[in-house]
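Colleague: Before we talk, could you put the model on the screen, as I am new to it and would like to know how its descriptions are reached?

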Amino acid sequence: MKITIILASYDSGHYHGGMGQGPDALIAGGLVDALTIAGHEVAVADIGRVGDDQEREIATGFAVCNAVSGEVRIAIDRGRFPIVLAGNCLTSAGAVAGEGADAIIWADQHGDLNTPETSVYGFLDGMALATVLGLCWRPMAGAIPGFKPIDPSRCVLVNARDLDPAEEELLKTLPVIRTECPGIGPATAKLKAVGAKSVHMHLDLDVHDPKELQANRYVTSGGPSPGQLRDAACAMALAVPVVGITVSAYDPAFDARGDVPPLVGELLNDLIATIEGR
């Protein structure tokens, strides 16, 4: 397969800070080599610096989405499969826009379903999925080229276990499909039933059980092992048409042994093989 890896090296508006170091660390850890050895043709596109010099979180976060949307669209127009490596989860709004995705699989220990009205901390990334679903930041999201909010009934939320009370209440009112892996079969069947034709797969690496793999500072007990997430992601990709992938929230400062890059390589290789063979 022809693949374009798109680097969006930002964390909360800061270029190459915190989890914004993750994309480069994954590349330095051999991701391109792993995909190439598996027989794929890999190109790398880096959005570089975007936004303003003040690195304001909100303005810069959406500038990253705008740039990612453009790079994803270029990749697709060239017949290439887009994989976005991002520091922040909000970046998936740009990938969804560039792909024209009509459904999303969101694997994350957090719900990312706060809004400016409910957020206690004001953390923009805690509103990432809410933005993708059109629940907040509508004017700024609407300015992302190609962005259309995804209907909550076309969203599968995987292994979200660290939720704020407001997120728990919101999920009681939304038709979001919640699931855990292993055991994602019924959720995927529901996504098929609503006629999803172009699915974006968002993989926040902190979805893992921190006893098995710790990707960043956020630690909540439970979650899948790397093997369980890989099996679940592949099962979902076999059942529904995945048109792009985002891998987010890797902070190499919390991975002293360098465990994460090779596991991401295995995950993506298995996913791509599944998508190709579908």
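Predicted model: local features only at pLDDT ≥ 70, side-chain atom pairs only at ≥ 80, totals over all residues.

Colleague: Why is α9 called roughly parallel to α10?

Modeller: Helix α9, residues 226-239, packs on helix α10, residues 260-277, at an angle of about 20 degrees, and their axes are 9 Å apart. Angles under 35 degrees count as roughly parallel, so the value for α9 and α10 falls into that class. The crossing of the two helices is right-handed.

Colleague: Which residues make the contact between α9 and α10?

Modeller: On the α9 side they are Pro 226, Leu 229, Arg 230, Ala 233, Cys 234, Ala 237 and Leu 238, while α10 brings Leu 263, Glu 266, Leu 267, Asp 270, Leu 271, Thr 274 and Ile 275. By class, the residues of this contact divide into ten nonpolar, one polar and three charged.

Colleague: What lines the second largest cavity?

Modeller: Its lining consists of Leu 205, His 208, Leu 213, Pro 226, Leu 229, Arg 230, Val 260, Leu 263, Val 264 and Leu 267, around about 70 Å³ of space. Both α9 and α10 supply at least two residues each to this lining, and the largest share, four residues, comes from α10. The lining divides into eight nonpolar residues, one polar and one charged.

Colleague: How many cavities of 30 Å³ or more are there, and what makes a space a cavity?

Modeller: The count comes to two cavities of 30 Å³ or more. A space is called a cavity because a 1.4 Å probe fits there but cannot get out.

Colleague: Which residues are closest to the centre of the largest cavity?

Modeller: The largest cavity has a volume of about 110 Å³, and of the 14 residues that line it, Ser 12, Gly 13, Gly 61, Asn 88 and Leu 90 are the closest to its centre. Helix α3, residues 57-77, gives the largest share of that lining, with four residues. By class, the lining of the largest cavity has five nonpolar, seven polar and two charged residues.

Colleague: What volume does the largest pocket have, and how many residues line it?

Modeller: The largest pocket has a volume of about 410 Å³, and 25 residues line it, among which His 110, Asp 112, Phe 123, Gly 126 and Tyr 218 lie nearest its centre. The lining of this pocket divides into nine nonpolar, eight polar and eight charged residues.

Definitions and conventions
Residues numbered from 1 in each chain as written. Heavy atoms only, no water. 1 Å grid on protein atoms, 1.4 Å probe; cavity = no way out; pocket = protein on both sides within 12 Å on 5 of 7 lines; lining within 4 Å. Points joined across faces, edges and corners; volume = space filled by probe spheres on them. Nonpolar A, V, L, I, M, F, W, Y, C, P; charged D, E, K, R; others polar. Axes fitted to C-alpha atoms, helices over the stretch in contact; angles between N-to-C directions. Parallel < 35°, antiparallel > 145°, perpendicular 65-115°, else oblique. Left-handed = near helix turned anticlockwise from the far one by under 90°. Contact = heavy atoms within 4.5 Å.
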